[in-house]
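My plan is to look things up step by step and jot down what I find.

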Amino acid sequence: FGIYHLTNSGACSRWAFAREILRLSGIEDVPVLPILTRDYPRASRPPPYGALINTTGADLGIELRPWSEALADYLSI
């Protein structure tokens with residue numbers, strides 16, 4: 001009952017996500033440097049580790065594929 005927000009399995013940092021997007025796009029010569037959260041100014045303070053977990057989906061027997069596979073499919077469109 002209600003609305004469920006599901007997430008693919010696995011986790012990555014925003015840096016790893018950006019690197020994977022570039023790699024899958026064939027753009028590997030662009031430097032992407034990781035920074036610490038404290039070095040990025042923002043109005044709110046995110047938790048040190050904020051990966052989403054598909055708890056309710058798993059309880060319902062719904063398990064999504066790894067995020068990297070879904071990203072590769074998305075970028076191949």
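**Entry 1: helices.** Before reading the pattern I needed a definition: a helix here is a DSSP run of H or I with at least four residues, a strand is a run of E with at least two, and both are numbered from the N terminus. I also noted for myself that this is a predicted model. How many helices and strands does the protein have? I got 3 helices and 0 strands. Reading along the sequence, I wrote the pattern down as α-α-α. Next I checked how spread out the protein is: its radius of gyration is 15 Å, while the globule rule gives 11 Å for 77 residues, so the protein is more spread out than a compact globule. The C-alpha trace spans about 45 × 35 × 15 Å along the principal axes.

**Entry 2: confidence.** The mean pLDDT of the protein comes out at 91, and 100% of the residues reach 70 or more. Which helix has the lowest confidence, and which the highest? I found the lowest in α2, with a mean of 90, and the highest in α3, at 97.

**Entry 3: surface and charges.** Buried residues are 8% of the 77 in the protein. For charges, I counted 7 positive and 8 negative side chains, with the centres of the two sets 11 Å apart.

**Entry 4: contacts.** I took the contacts between residues at least 6 apart in sequence and looked at how far they reach. Of these, 74% join residues at least 24 apart.

**Entry 5: two residues in α1.** I went to E20, which is in helix α1. Is E20 buried or exposed? Its relative accessible area is 16%, and the cut-off for buried is under 20%, so E20 counts as buried. Leaving out residues up to four places away in sequence, E20 touches W67 and L71. Then I moved to A16, also found in helix α1. A16 has 24% relative accessibility, so I put it down as partly exposed. I also checked A16 against G61: they are 45 residues apart in sequence, and their C-alpha atoms are 28 Å apart in space.

**Entry 6: a residue in α3.** A72 lies in helix α3, which covers residues 67–75. Its relative accessibility is 29%, so A72 goes in my list as partly exposed. How far is A72 from S25 in space? C-alpha to C-alpha I got 9.2 Å, although the two are 47 residues apart in sequence.

**Entry 7: a loop residue.** Last stop was R45, in the loop between α1 (14–24) and α2 (55–59). R45 has 82% relative accessibility, so it counts as exposed.

Definitions and conventions: Residues are numbered from 1 along each chain as its sequence is written. This is a predicted model: local features need pLDDT of at least 70, side-chain atom pairs count only at pLDDT 80 or more; totals for chains, interfaces and linings use all residues. Side-chain values use heavy atoms; hydrogens and water are left out. The radius of gyration is taken over C-alpha atoms; the globule rule is 2.2 Å times the number of residues to the power 0.38. Buried means under 20% relative accessible area, exposed over 50%, partly exposed in between (1.4 Å probe, protein chains only). Contact means heavy atoms within 4.5 Å. Lys and Arg count as positive and Asp and Glu as negative; His and the chain ends are not counted. The place of a charge is taken as NZ of Lys, CZ of Arg, CG of Asp or CD of Glu. pLDDT is the predictor's confidence in each residue, from 0 to 100.
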